[in-house]
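I have put the conventions next to the places where they matter, so please read with the model open beside you.

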Amino acid sequence: MKIAFHTPLNRYGDGAPSGDRLMARQLVTLLEELGHAVEILPAERSFMREPDPALLAARKQAAQEVVAALSERWQAPEARPDLIFTYHCHYRAPDLIGSALAERFDLPFVVAEASDAQKRFDGPWAEAAALARTAILRADLHLCMTERDREGLSRLIPEPYRLIELSPFLLGVDEVPEHMAARRATDEPVRLIAVAMMRPGNKAACYVFLARTLARIADLPWTLTLIGDGPERPAIEAAFASLPPGRVRFLGRRERTDILSQLAAHDLFVWPGLNEAYGVVYLEAQAAGLPVAALDSGGVPAVVARDRTALLAPHGDEAALSAKIGQLIGDSALRARMGEAARDFARQERNGESARAVLATALSAAVARHGRKAQEVAP
C-alpha cells in the first residue's frame, strides 16, 4: 500500500533528539519493511505547550492550507495514498490533517498512541481536546502503546477490535553496546545515569524529583551522569547543587551513538518517569544491560518488566524510589541478575519482531473495517 504518515506532535525528521521522534522513524522503518511505500506529510506540528487560542487558530489555518494543497495533488486517484497513518493525537497535539484527509478522500485511517482526556473539556484546552477527539473517533483502528491510553480510549470507543496493543519496541538492538562493568574495579562507586531533555514540564519536574530522591541516599557510594540539555538546565543544575561535590556530571546534549556508549559504561538507569507517556531510552538502557529504577507512573510499566528488569516505586514517592535505588546500589548480584534480564528483555522481546507482526495485522484490519463501514452507509 501507499501510506501517508503524519506526526502532529513533532515534525518528522526535524533532527531534534527525543524518544517520540525515534519511535516515529521506527514505525516508518517497519512499514517499509512490510513492503509499503510511506509518504511523510509535509506539515508542521500542531503541538502547544500551553492553551493558546491564537496559536491554535494559527495551527488550524496552517493545517487547512496543507489539506488544501494535498487535496489538489490527490485529485488524480493514482496520486492518493491507500491509507493514512497518524502517530500521536491528543489535546496538546490534535491531528488536524490526517483525519481531515481521511474523511475527504474516504481513506482507511490508523492512529498510533492517541489519548483522550475528558477533564480537558472543561477549561482552556476544551477546543483542542474536541479536535483531538474528532480525529480519534474517526480512526478505523488505534494502536495503543500503553495500558493507560488503551483504558482511556476504551471509554470512548466501545468496539474492542478497534484497539490493538502495540508494545513499545527498539530496532537495531544489536547496535547497542553491552554493559562494561566487568572491566572496572569492583570497589568503584555504582555509576547511575539518566538521559532526558532539559525542557519545561514533566522533564524538568523529573530532574528535580531525581535530585531530591538521590539526596536521601547521598551517603551511599554512587555517581550520577546526566545527559541532556535545554532551557531548564540552569534550574536543574541548581537542583543538584546540594549534593556532595564530584557526584554529578552534566554531559549536555550528545549524539545517540555516544548516548548508547555512555549507557553501556554505567551500572543503573535512574529516571522517575513522573507522568510521562513512556520512554524509548528505558529500552535502550536495558538493551545495554542496565537494570532500571523508576516510578510506577504513566507509561513506564510499558517499557520495563516489573521486578525482572526494573524496580518501580509508587507514583510520586521519593522515599520509596530512593529505597529502590539504594537496594540496587547495595546488591551487586541483584544488579547483575536484573541487568542480564534487562538485556534479554530488550533484545529478545522488544526488538521489533512482534511489532512488525502487529502492524501487518492492524493495517489489514483497518482496511477491512473501513470497507465494512462503506458498505453500511451505502444506499
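1. Just past helix H3, Asp-106 adopts a positive phi of about 55 degrees. Helices here are DSSP runs of H or I with at least four residues, strands are E runs of at least two, and both are numbered from the N terminus. Please keep in mind that this is a predicted model, in which local features need pLDDT of at least 70 and side-chain atom pairs count only at pLDDT 80 or more, while totals for chains, interfaces and linings use all residues. Residues are numbered from 1 along each chain as its sequence is written, and side-chain values use heavy atoms, with hydrogens and water left out.

2. Which residues of H3 are buried? In this helix, residues 98–105, they are Gly-98, Ser-99, Leu-101, Ala-102 and Phe-105. An α-helix has 3.6 residues a turn, so residues three or four places apart point the same way. Exposed Glu-103 and Arg-104 are carried on the face of H3 turned away from its buried side.

3. The buried residues of H3 have several packing partners: strand S1 (2–6), helix H2 (53–73), strand S3 (83–89), strand S4 (109–114) and helix H4 (126–138). Contact here means heavy atoms within 4.5 Å.

4. Phe-105, which lies in H3, is buried, with a relative accessible area of 13%. Leaving aside residues up to four places away in sequence, Phe-105 touches Ser-71, Trp-74, Gln-75 and Arg-80. Leu-141 comes 36 residues away from Phe-105 along the chain, and their C-alpha atoms are separated by 17 Å.

5. For another distance check, take Pro-124, in the loop between S4 and H4. Pro-124 counts as exposed at 69% relative accessibility. From Pro-124 to Asp-106 the separation is 18 residues in sequence and 32 Å in space, C-alpha to C-alpha.

6. In strand S3, His-88 has phi near 85 degrees, positive in a residue other than glycine, and His-88 is buried at 6% relative accessible area. Asn-275, in the loop between S10 and H9, has phi near 65 degrees and is likewise not a glycine.

7. How many disulfides does a search of the whole structure find? The count is zero, with a disulfide taken as a pair of cysteine sulfur atoms within 2.5 Å. For Cys-89, which is in no disulfide, the nearest cysteine sulfur is that of Cys-144, 12 Å away. Cys-89 is buried, with a relative accessible area of 1%, and Cys-206 is buried at 0%.

8. Now to helix H8 (residues 256–264), where Ile-259, Leu-260, Gln-262, Leu-263 and Ala-264 are buried. Those residues pack against strands S7 (190–195), S8 (222–227), S9 (248–252) and S10 (268–270), and against H9. Five of the six residues of S7 are buried, so S7 is largely enclosed by the rest of the structure. S7 and S8 run parallel and are joined by six bridges; strands pair if DSSP finds at least two bridges between them. In this pairing, Val-195 stands opposite Ile-227 of S8.

9. Glu-284 is buried, with a relative accessible area of 6%. Not counting residues up to four places away in sequence, its contacts are Leu-22, Leu-170, Val-176, Arg-256, Leu-260 and Leu-263.

10. Finally, the overall picture: the secondary structure comes to 12 helices and 12 strands, and 52% of the 379 residues count as buried. Of the contacts with a separation of 6 or more, 73% are between residues 24 or more positions apart.

Notes
Buried means under 20% relative accessible area, exposed over 50%, partly exposed in between (1.4 Å probe, protein chains only).
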